[in-house]
Amino acid sequence: QIGERLRLKHYSIRTEKSYVDWIRRYIVFHNKQHPRQLGSKDVERFLTYLAVDRELSASTQNQALAALLLLYREVLGVELPWLDDLVHAKRGTLLPVVLSRQEVRALFDHLDGIEGLVLRLLYGTGMRLMEAMRLRIKDLDFVRSEILVREGKGGKDRVTMLPQSLALPLRAQVRAALERFELDKEHGRAGVYLPFALARKYPNAPCEPGWQYLFPSPSISVDPRSRIERRHHLDEKRIQRSM
């Protein structure tokens with residue numbers, strides 16, 4: 001029920017996994033009692049446990065609270081007045097760490113391969129990590145030197161620059177992604193995930209070159225929602241570890 005509600009509201013698969021995990025933890029924390037049997041004190045006990053015993057950050061505590069609010073309001077349909085009285089954890093003010101140009105160059109000197117290309121792309125375009133991971137081949141416009149970012153923060157599309165210094169490496173990456181796509185077709189495993197109902201509206205699109213991920217995963221995996229084997233985009237943890 002939670003998963004269905006989140007998909008109806010167009011939440012991402014990562015948010016869905018996080019919310020389901022928090023709700024599961026909440027239920028297990030209270031000895032597997034049904035949430036209808038629990039009240040404001042039980043929610044506060046759980047949040048206090050996260051803050052005091054687990055020492056989790058304010059943003060993590062607020063994510064757990066958001067999951068519980070969705071559980072009671074959207075899934076169980078319970079409008080309880082104590083939900084509005086719950087206090088959100090306050091996030092402190094943190095100063096950003098800004099690297100100098102020399103430091104950035106020194107950092108990039110130690111990065112190569114696909115990880116180095118992705119990180120240079122993030123630095124040169126201002127894209128977020130997952131925005132780069134989800135890029136499709138057709139999102140790159142080498143003629144206009146533009147990149148179309150789809151479903152960015154807030155579910156909005158936008159256009160950003162395509163750095164000239166990365167034009168050749170990105171063209172090479174397009175060729176590499178298409179070569180992998182052709183190998184998948186030879187083995188009868190071609191096809192990528194399309195959001196919403198695009199796969200039904202354009203049934204051939206998942207197997208068209210333009211829709212393939214610019215940074216495909218090296219292995220085939222099972223889609224957690226459809227349970228279909230597909231080639232997804234590169235795991236973002238690989239880029240984070242490299243950084």
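Trainee: What share of the contacts in the protein chain with a separation of 6 or more is accounted for by residues 24 or more positions apart?

Mentor: In this predicted model, residues 24 or more positions apart account for 54% of those contacts. The chain comes to 10 helices and 5 strands, and its C-alpha atoms fill a box of roughly 60 × 50 × 30 Å along the principal axes. Of the 243 residues, 37% are buried.

Trainee: Why is Glu-236 called buried?

Mentor: Buried means under 20% relative accessible area. Glu-236 has 9% relative accessibility, and therefore counts as buried. Glu-236 is found in helix α10, which spans residues 236-242. Leaving aside neighbours within four places in sequence, its contacts are Arg-14, Leu-129, Met-130 and Met-133.

Trainee: Is His-233 buried or exposed, and how do you know?

Mentor: The relative accessible area of His-233 is 12%. The limit for buried is under 20%, so His-233 is buried. This residue lies in the loop between β5 (229-230) and α10. Not counting residues up to four places away in sequence, His-233 touches Arg-14, Met-130, Met-133, Arg-134, Tyr-213, Phe-215, Pro-216 and Ser-217. Arg-14, Met-130 and Met-133 are in contact with Glu-236 and also with His-233.

Trainee: What makes Val-97 exposed?

Mentor: Exposed means over 50% relative accessible area. Val-97 has 76%, so the word exposed applies. The place of Val-97 is in the loop between α4 (58-75) and α5 (101-108). Val-97 and Leu-107 are 10 residues apart in sequence, and their C-alpha atoms are 14 Å apart in space.

Trainee: Which residues line the second largest pocket?

Mentor: The lining consists of Val-97, Val-98, Leu-99, Val-104, Leu-107, Phe-108, Leu-119, Leu-122, Tyr-123 and Met-243. Helices α5 and α6 (113-125) each supply at least two residues of this lining. The volume of this pocket is about 190 Å³.

Trainee: How do the residues of that lining divide by class?

Mentor: They divide into 10 nonpolar, no polar and no charged.

Trainee: What is said of a cavity rather than a pocket, and how many cavities of 30 Å³ or more does a search of the whole structure find?

Mentor: In a cavity the probe fits but cannot get out, whereas a pocket is an open set. The search finds 1 cavity of 30 Å³ or more. The largest cavity has a volume of about 60 Å³. Ala-177, Arg-180, Phe-181, Asp-184, Val-192, Gln-212, Tyr-213, Pro-216 and Arg-231 line the largest cavity. By class, this lining has 5 nonpolar, 1 polar and 3 charged residues. Tyr-213 and Pro-216 belong to the lining and are also touched by His-233.

Trainee: Why are helices α2 and α3 called roughly perpendicular to each other?

Mentor: Helix α2 (residues 13-29) and helix α3 (residues 40-53) pack at an angle of about 110°, with their axes 10 Å apart. Angles of 65 to 115 degrees count as roughly perpendicular, and the two helices are therefore described in this way. Trp-22, Arg-25, Tyr-26 and Phe-29 of α2 meet Asp-42, Val-43, Arg-45, Phe-46, Tyr-49 and Leu-50 of α3. The residues of this contact divide into 7 nonpolar, no polar and 3 charged.

Notes: Residues numbered from 1 in each chain as written. Predicted model: local features only at pLDDT ≥ 70, side-chain atom pairs only at ≥ 80, totals over all residues. Heavy atoms only, no water. 1 Å grid on protein atoms, 1.4 Å probe; cavity = no way out; pocket = protein on both sides within 12 Å on 5 of 7 lines; lining within 4 Å. Points joined across faces, edges and corners; volume = space filled by probe spheres on them. Nonpolar A, V, L, I, M, F, W, Y, C, P; charged D, E, K, R; others polar. Helix = DSSP H or I, 4+ residues; strand = E, 2+ residues; numbered from the N terminus. Buried < 20%, exposed > 50% of the residue type's maximum accessible area, 1.4 Å probe, protein only. Contact = heavy atoms within 4.5 Å. Axes fitted to C-alpha atoms, helices over the stretch in contact; angles between N-to-C directions. Parallel < 35°, antiparallel > 145°, perpendicular 65-115°, else oblique.
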